[in-house]
Amino acid sequence: MTRIAEARKFYARLMAANAGSADPRLEDVFAAVPREAFLGPGPWTVVAGNGKVETPSADPVHIYQNVLVSLDAEKGINNGEPFLHAMWIGKVTPKPGEAVTHVGAGTGYYTALLAKLVSPGGAVTAFELDSSLADRASKNLEAYGNVTAIHGDAVVGGLPPSDIIYVNAGVAAPPAEWLKALKPGGRMVFPWRPAERIGLAVMVTRTDKGFACDPFMRSWFIPCIGASAASTKVHRDKAARSRKIWLMADKAPDRTATAVIGDVWFSSQSVGGRRSQ
C-alpha cells in the first residue's frame with residue numbers, strides 16, 4: 001500500500017467512525033475517492049478558524065484530515081468539513097438505484113461520494129451556480145458516468161424527482177418546489193438559516209402524512225442565492241422544536257408554527273400529531 005493510499009484509508013475510517021453509519025460502504029467510498037482531485041493543484045490553503053495555513057507541500061497526505069480547504073478565498077468558499085459531510089451522508093443513507101440532487105456541488109467532491117453510494121443504478125444531478133466552480137465540477141466528475149453536472153440556479157429552475165436532496169448552501173427555508181421534488185420516502189438535508197444568528201442542519205423526510213423535519217445539529221454554510229432572505233421574527237429555541245414543514249398552499253400557519261417563511265412554514269407538531277416540547 002502506498003503512503004497516500006494508507007493516509008486515505010485511515011481518513012476513511014475516521015469519517016465512517018464519526019458518521020456512526022451502519023453502512024460499511026461509507027468507509028469504502030471515502031477511501032476510494034481522491035480528495036486532491038477536487039481541490040486543484042497544491043499546496044493548499046487550509047482554513048483554521050479565522051486564520052489560514054498553507055500546507056507544507058503539494059503532498060496529498062496533508063489534506064486527509066478533518067480540515068477545510070479553501071476553493072475561493074475571496075468568496076469564502078471551501079471544500080467543506082469532511083466530518084460534517086460524512087455525518088450528513090450517513091444520515092440520508094443513499095442506496096443503490098436512488099436519484100440524488102446535490103445543490104451547491106462546489107467542485108464535486110461530495111457529489112462523487114454520493115454517486116458511488118447510489119451505484120449501481122442510481123444517478124446524481126449536481127447544481128452549482130458559481131460558473132468557475134461549475135466548470136471545475138464538470139471536469140472533475142467526467143469519470144463518474146452517473147453524474148450530470150449543471151451550471152444553473154436550483155432555486156428558480158426546479159429540481160428533478162429525487163430520493164435525496166443534498167443541500168450545501170444556507171437557506172431561510174427550502175423552496176416549496178424542493179419539497180415537492182422529494183419522492184415518497186425521500187430525504188433532504190439542508191443548512192437552515194431562518195435568522196441571521198440561527199444556523200441549524202435539518203433532515204426532512206417525506207412521509208404519507210407530510211414532511212417530517214428534524215433539526216439535528218448546528219451548521220453554518222454560505223447563503224444560497226435566491227433562498228436566503230432571513231426573518232428577524234424567528235427564535236432559536238422555537239426553530240429547534242420544529243418537527244414538520246407545511247406548504248402554505250396546503251395549510252395556513254396555526255399556533256404550532258415555529259417559523260413562517262415564504263411559501264412554507266414550520267410546525268412543532270410532528271407528523272404523528274404530537275407537539276414538541
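Which residue stands opposite Val103 in S8? Hold that thought, everyone, and thanks for coming.

First, some ground rules. This is a predicted model, where local features need pLDDT of at least 70 and side-chain atom pairs count only at pLDDT 80 or more, while totals for chains, interfaces and linings use all residues. Residues are numbered from 1 along each chain as its sequence is written, and side-chain values use heavy atoms, with hydrogens and water left out.

Now the overall picture. The protein chain holds seven helices and 14 strands; these are DSSP runs numbered from the N terminus, helices being H or I with at least four residues and strands E with at least two. Its radius of gyration is 19 Å, close to the 19 Å from the globule rule for 277 residues, so the chain is as compact as a globular protein of that length. That radius is taken over C-alpha atoms, and the rule is 2.2 Å times the number of residues to the power 0.38. The C-alpha trace spans about 60 × 40 × 35 Å along its principal axes.

Of the 277 residues, 50% count as buried, meaning under 20% relative accessible area with a 1.4 Å probe, protein chains only.

Let's zoom in on strand S8, residues 162-167, where six of six residues are buried. S8 pairs with strand S5 (residues 99-103) in the parallel sense over four bridges; pairing requires that DSSP finds at least two bridges between the strands. And here is our opening answer: Val103 stands opposite Val167 in S8. S8 also runs parallel to strand S9 (residues 182-195), joined by four bridges, and there Tyr166 stands opposite Val189.
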